[in-house]
Amino acid sequence: MADIAVAPSARAAHSPQRRYWIAPPLLVLVVLFFYPLALILREALVGEDHVLSLAHFASVLRSNQFLSGLYHTITIALSASTGCLVLGFIFSVIIAFIPFPGAKLIARVIDTFIALPTFLVALAFTFIYGSAGLLNQSLMHLMHLELPPLNFLYSQWGVILSEITVYTPFVMRPLLASFSLIDPSQIEVASSLGARPWRIVRRIILPAALPALIAGGSLCLLLTVNEFGIVLFIGAKDVITLPLLVYDKAIQEFDYTTACVIAVVNIALSLGLYAFYRMVIAYCGGRRAGMG
Amino acid sequence: MATNSTTMSQGPQMRVSAPASRIVPGASGIGFENVSVAYGDQVILDALTLTVKPGEIVALIGPSGSGKTTALRAVAGFVQPTAGRIIIGDRDVTRLPPYKRNIGMVVQNYALFPHMRVEDNVAFGLRARGASAEVIRERIPECLRLVGMTAYGKRYPRELSGGQQQRVAIARALAIRPQVLLLDEPLSALDAQIRRSMLDELAKLHRDLPSLTVLYVTHDQTEALTLADHIGIMRDGKLVAFGNAQSLYRHPPNRFAAEFLGRANILPARSLQSAEPGFACVRFGDTVLRGRNHHALPDGSDSLVCIRPHDLRLQPGGAGGNTLTGIVRAVQWQGDLHSVALEVQEQTLRLTCNPLSDPPAPGTELVVHFDPADVTLVPEHVAHG
């Protein structure tokens, strides 16, 4: 029994009996992940004609619908991620460096946003900013208008605002963790040397937070590229993103080949962003270790 | 242009190659006027009144929670006094933000900016104050030379040892030519050997920059005694003793000061009677002891006899000396000295002396002698300064 308590050495890990333990997880991965992905790739390349060809890819990638979807996906993802970074940085600086009662509570409340389903914010926004929402109704009543004056919610801006609200905590989490590592005496010494608050933010806090900002930003980008619930729930006119396009083609038009081609592009985009995210994490981890 | 160096076992040396007046243009003092700091009902600093004269080093010492760091942070502007005024030079800085106070500050963990090279750390304060590129170019080597770190300008803090980082922190604080320098336990994070050499170098730095006013907070009495012109001893937010370092050591005004600043034997005594000018006799059990009545205690009062362990001798001195007989309870050899604990009339008396070739055995009787001039009679109760 004693060998169970000992940490497995590299030699033990490569013993003949242990190598079979790779089978169960590999089987699960193959059945639940790689096989469905392979089916999508096969459908995209073979299509209904059952002939291996890139013709489907070429025609879909040239279509206006796809290009518009790609444009909206990237525009919304970049705008929302930028918004998350700006808002997340400001909120995190306030929570971490400006002492006020309840700062920790606020940080935890914001943190719980991560646990909520994304479309919930879109639903809440319809009650506030929607045509019959609180804000429009109040403005119509106050200004004696017949039509709601604000209709940004059902546009690209509504999607971006909702995504910023949902994904800002994903930036704040690593930021607050990185701020907690900044030695408060660095800020005090900087202040005693004559630095005003804005200079301290720019020269001391921002450089220290840069790895966390990049990591949080790339995670946001990854999540917003694949966001489906918010875009579907808001139902903005003429705002079709790649995930929504896959849904439309597969579920509403039964055009599985086109849906699979778009899905492959979406997967490639996501994996590329994920690889970037991992690289940033690895780089920042190395840098942090070097700083210690 | 003076160029000095000290012998050091490790690391580079602090050197002065710029006139002191260029580093510290004008000396300013620090004044605490009834400064109190409280968080709710908890009083951290209680009506502190203290003056640090221009060009002077004042050390504030005391146990953890005594308020010494709070006092320093109040000068820096990181703690807002609930009452009183803080003066730097001729300015009331009580309500000024830290960046307007013109102070240099060095803290225990150096607080160097890890993403900046040494020269950028030194230049930080100058850039924050909008100094011209020419001034910055001139000031960086000047300050690095002062702390013996000229060769390290391009390095990052993580590439330096603790002692080197502390030198950079000092150079960074001096680069802005502060009115006063605040040192908050600057040597605490260093190991014993480096700490000793840094202590010598801080003393030398002040010799080279005599107009630099320094408020030095430490819990280490050796640092305070080595560096400070005056020492303030704090306890529970109050200044319980303040004075010239030597005078405070030789004639502590109260028991706490005697025990905190160096080791002291404190014996309870009764029936004080004045003797020749400046001296008095007291009764310790059935023994009459003579000592300095430095604090002019009245006749008939009870007092405490304070005698430093190294002032006790095994050989008799001149006529009129004090003598006590006790039982040896413990003998410790500590390398460069022997420490002997005696039990005398139910009190413990500790003696330190050069290493003994034939140390007394525990349980044996031992007679110790001490000069009345080395004894200080202190009041029984703490007097708040």
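Trainee: In what order do the four strands of the open sheet in chain B stand?
Mentor: The pairing in this sheet is antiparallel, where two strands pair if DSSP finds at least two bridges between them. This is a predicted model: local features need pLDDT of at least 70, side-chain atom pairs count only at pLDDT 80 or more, and totals for chains, interfaces and linings use all residues. Residues are numbered from 1 along each chain as its sequence is written, while chains are lettered from A and ligands numbered from 1 in the order in which they are written. The order of the sheet in chain B is β2-β1-β4-β5.

Trainee: Which are the edge strands of that sheet?
Mentor: An edge strand here pairs on one side only. In chain B, that applies to β2 (42-52) and β5 (91-92).

Trainee: Which residue of β2(B) is the bridge partner of B:Val35?
Mentor: Strand β1 (residues 30-39) of chain B runs antiparallel to β2(B), and seven bridges join them. In β2(B), the partner of B:Val35 is B:Leu48.

Trainee: How many helices and strands does chain B have?
Mentor: The C-alpha atoms of chain B fill a box of roughly 75 × 50 × 40 Å along the principal axes. Helices (H or I, at least four residues) and strands (E, at least two) are DSSP runs, numbered from the N terminus. For chain B the counts are nine helices and 19 strands.

Trainee: What percentage of the residues of chain B count as buried?
Mentor: A residue is buried if 20 or more other C-beta atoms lie within 10 Å of its own, exposed if 12 or fewer, and partly exposed in between, with C-beta atoms placed from the backbone. Of the 385 residues of chain B, the buried share is 42%.

Trainee: Which element gives the most to the side of chain A that touches chain B?
Mentor: Two residues are in contact if their C-beta atoms, placed from the backbone, lie within 7 Å. By that rule, 18 residues of chain A are in contact with 18 residues of chain B. On this side of chain A, α10 (184-192), α11 (197-225) and α14 (256-291) each supply at least two residues. The one that gives the most, with seven residues, is α10(A).

Trainee: How far apart are the centres of the two domains of chain A?
Mentor: Chain A is divided into domain 1 (1-46) and domain 2 (64-291), with bounds from an automatic or database domain assignment. Four residues of domain 1 are in contact with six residues of domain 2. Taken over C-alpha atoms, the centres are separated by 34 Å.

Trainee: Which element of chain A has the lowest mean pLDDT?
Mentor: pLDDT is the predictor's confidence in each residue, from 0 to 100. The mean for chain A is 84, and 92% of its residues reach 70 or more. Where pLDDT is low, the predicted coordinates should not be read in detail. The lowest mean among the elements of chain A, 45, belongs to helix α1 (residues 2-5).
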